[in-house]
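Please read each point alongside the sequence and the coordinates.

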Amino acid sequence: MSTDAVDAVVVGAGFGGLYMVHRLRQLGMTVQGFDAAGGVGGTWYWNRYPGARCDIPSLFYSYTWSAEVQQEWRWSEKYAAQPEILAYAEFVAEKYDLKRAFAFETKVTSAVWDEAARHWTVTTDRGHRVSARFCIMATGCLSMPRAPGIPGEDNFEGRTFHTGTWPHEPVTFEGQKVAVIGTGSSAIQSITEIAKTAHHVYVFQRTPNFSVPARNAPLTEQDYAAFWEQYPAYRQMVLEGTAGIAGGSPFRSLTAEQQRARFEELWNIGGAGYLGALADLLTNPIANDAAANFVREKIRDIVKDPDVAEALLPDDHPIGAKRICVDTGYYEVFNQENVTLVNLRKAPIEAITRAGVRLQAQAQEYPVDAVVYATGFDAMTGALLNIDIRGEGGFSLSEGWRDGPKTYLGLQVAGFPNFFTITGPGSPSVLSNMISSCEQHVEWITDCLAWLDANGVDAIAADPQAQEDWVRNVNEAADQTLFPKANSWYIGANIPGKPRVFMPYVGGHYRQICNTVAADGYRGFRLSGSADRASRRVVRT
Ligand code: FAD
Ligand code: NAP
């Protein structure tokens, strides 16, 4: 097998990988990209289920690095649907000729650091073998769909779907009986769409989730004008790392009437901004209860059957401690004759049979034509650990992360020189506007690589002590919040046997921390072939 040599390999052609390739080319580097998908778009290539759309307003869920793209692209709706977001990724890829860098339908199977040669050897399931000085993983936080492992899944004789690997050809459920398993964001978006044409939809709910209305609407000229007016303030919020959710006043500074008015106001505006109702909503259990109770009241108001409403009330986690869902008529759908909520707390699923879904205890079977698994992802670490990644001394990443992921800043791992993760665990990633977070990591990595060359440094890797300190920092930051109180995928709780470690960084000031580390001569990183620290201090522009 011949080995091609490039400066950098980038795995993933989602919003992270596409921008990374662009910036590496600007540095004059040669790049080989890979993606298991048949094209660009990442999340938006794979998640083609009915109703899939962003839950951060499209005007903000956009790249900011290209003024031309910002001027030329026009979003049609406040929350764009999947086909439009995919078209946007394709538009950017065409404009900057990015597809040429990628081999598609190609899965990276291993990445091995060669200590002597000081490069990575990356291999794929299609026989590529590429050596590269830098290996950059833009493999995504929600890119490893999770089959629930229910007994009998393969026996089902009808059609089976997973929201995260939806087919490209049109799918119709017209006149059919459909089982949707799960009630997370993907389910909540797809159920309302599927129920428009299906004969009957059975919603299999294990744990109720909080959902707020999106109040999606076409974008008007006025919306665009208002966006450009507030753009400098928005950029500032991004730079300050506040994720675009404006914080309100603390719970105790408001009267009960004022709190209610605030909840009502944000409920009426719609979207995940509801979590910004109170400054301490995600840290103070009493504030959180108030916000959660308001949503519970709304559910009781909307859902006509009181038993169904009761079963839909989330009761096992603080609101926002699991990703809040953003819907278009979710609770309302349970008022339709053709939708049934199956409460798995009364009887869990025993098996998928040839004809449908059978519950335990009740021995009750729901015959259906199609089963839609909306059962989520092995999040944040799944795609990385699916690759055999070996650093210094042949040490494997899966061994290093046996007790949970350990990174420095979510960007690098000790023992893995010249290896970077875009939106890796230990960075804000899934708790931020992820396009902004991809951009920030890409820009930090680009500056780092330019600096290494300018300073004659061969290789960079996280210092083990700096990594330990950062991991502690990530955990301590999470412990100041209500996030650890939920059995969420943020903590690995959805995957049996996965270490329970809170993975995103919620401590704030993240961008400033990364910038300071770089300006301080890449403090906390080990550099080989470098001058001493005093000469490494740099002024960033
Ligand atoms: P991805 O888009 O996940 O791309 C990673 C790519 O890497 C994939 O194409 C995958 O095929 C490829 N890959 C992985 N492993 C390998 C391998 N071994 N070999 C080859 N290729 C590989 N975030 C928000 O901020 N706002 C939203 O509204 C929002 N909505 C979402 C809706 C859905 C349905 C989902 C699932 C996620 C959503 N997210 C949202 C999160 C979303 O994942 C990010 O916003 C963003 O698209 C991630 O971009 P990425 O480039 O980091 O990763
Ligand atoms: P998810 O939030 O992990 O939800 C998975 C659902 O499947 C849960 O309701 C879970 O129940 C259920 N489930 C899993 N295994 C089951 C089993 N064996 N039996 C019954 N139920 C089972 O996954 P997701 O909905 O795909 O969303 C993942 C993330 O992607 C979101 O949190 C969000 O970040 C992103 N996303 C965003 C949007 C958007 O609005 N833009 C849309 C989709 C996804 P339990 O809770 O009981 O485990």
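**Notes on the model**

1. Thr328 counts as exposed because its relative accessibility is 51%, where exposed means over 50% relative accessible area, buried under 20% and partly exposed in between, computed with a 1.4 Å probe and the protein chains only. Thr328 sits in the loop that runs between strand 11 (325–327) and helix 10 (330–333), and helices (H or I, at least four residues) and strands (E, at least two) are DSSP runs numbered from the N terminus. Its C-alpha atom is separated by 17 Å from that of Ala309, the two residues being 19 apart along the chain.

2. On conventions, this is a predicted model, in which local features need pLDDT of at least 70 and side-chain atom pairs count only at pLDDT 80 or more, while totals for chains, interfaces and linings use all residues. Residues are numbered from 1 along each chain as its sequence is written, chains are lettered from A and ligands numbered from 1 in the order in which they are written, and side-chain values use heavy atoms, with hydrogens and water left out.

3. The shell around ligand 1 holds 31 residues, of which Asp35, Thr43, Asp55, Tyr61 and Val108 come nearest; a residue is near a molecule if one of its heavy atoms lies within 4 Å of it. By class, this shell has 16 nonpolar, twelve polar and three charged residues, with Ala, Val, Leu, Ile, Met, Phe, Trp, Tyr, Cys and Pro taken as nonpolar, Asp, Glu, Lys and Arg as charged, and the others, Gly among them, as polar. Helix 1 (15–26), helix 2 (43–46) and helix 13 (434–454) each supply at least two of the shell residues, and the largest share, three residues, comes from helix 2.

4. Taken alone, ligand 1 exposes 980 Å², and the protein buries 94% of that, the accessible areas coming from the Shrake-Rupley method with a 1.4 Å probe.

5. Glu439, found in helix 13, is buried yet has no salt bridge, the nearest side chain of opposite charge being that of Arg235 at 4.4 Å; a salt bridge is a side-chain nitrogen of Lys or Arg within 4 Å of a carboxyl oxygen of Asp or Glu. A polar atom of the Glu439 side chain does, however, lie 3.2 Å from the backbone nitrogen of Trp65.

6. By the salt-bridge rule the count comes to 25. One of these joins the side chains of Arg74 and Glu221 (3.2 Å, N to O), linking distant parts of the chain, with Arg74 in the loop between helix 3 (67–72) and helix 4 (82–95) and Glu221 in helix 6 (residues 221–240), 147 residues apart. Arg74 is partly exposed at 43% relative accessible area, whereas Glu221 counts as exposed at 57%.

7. The side chains of Glu157 and Arg354 also meet in a salt bridge (2.9 Å, N to O). Glu157 lies in the loop between strand 6 (129–137) and strand 7 (159–162) and Arg354 in the loop between strand 13 (349–352) and strand 14 (356–359), so this pair ties together parts that are 197 residues apart in sequence. Glu157 and Arg354 are both exposed.

Conventions. Lys, Arg positive; Asp, Glu negative; His and termini not counted. Polar contact = N/O pair within 3.5 Å; in protein donor to acceptor, adjacent residues only side chain to side chain.
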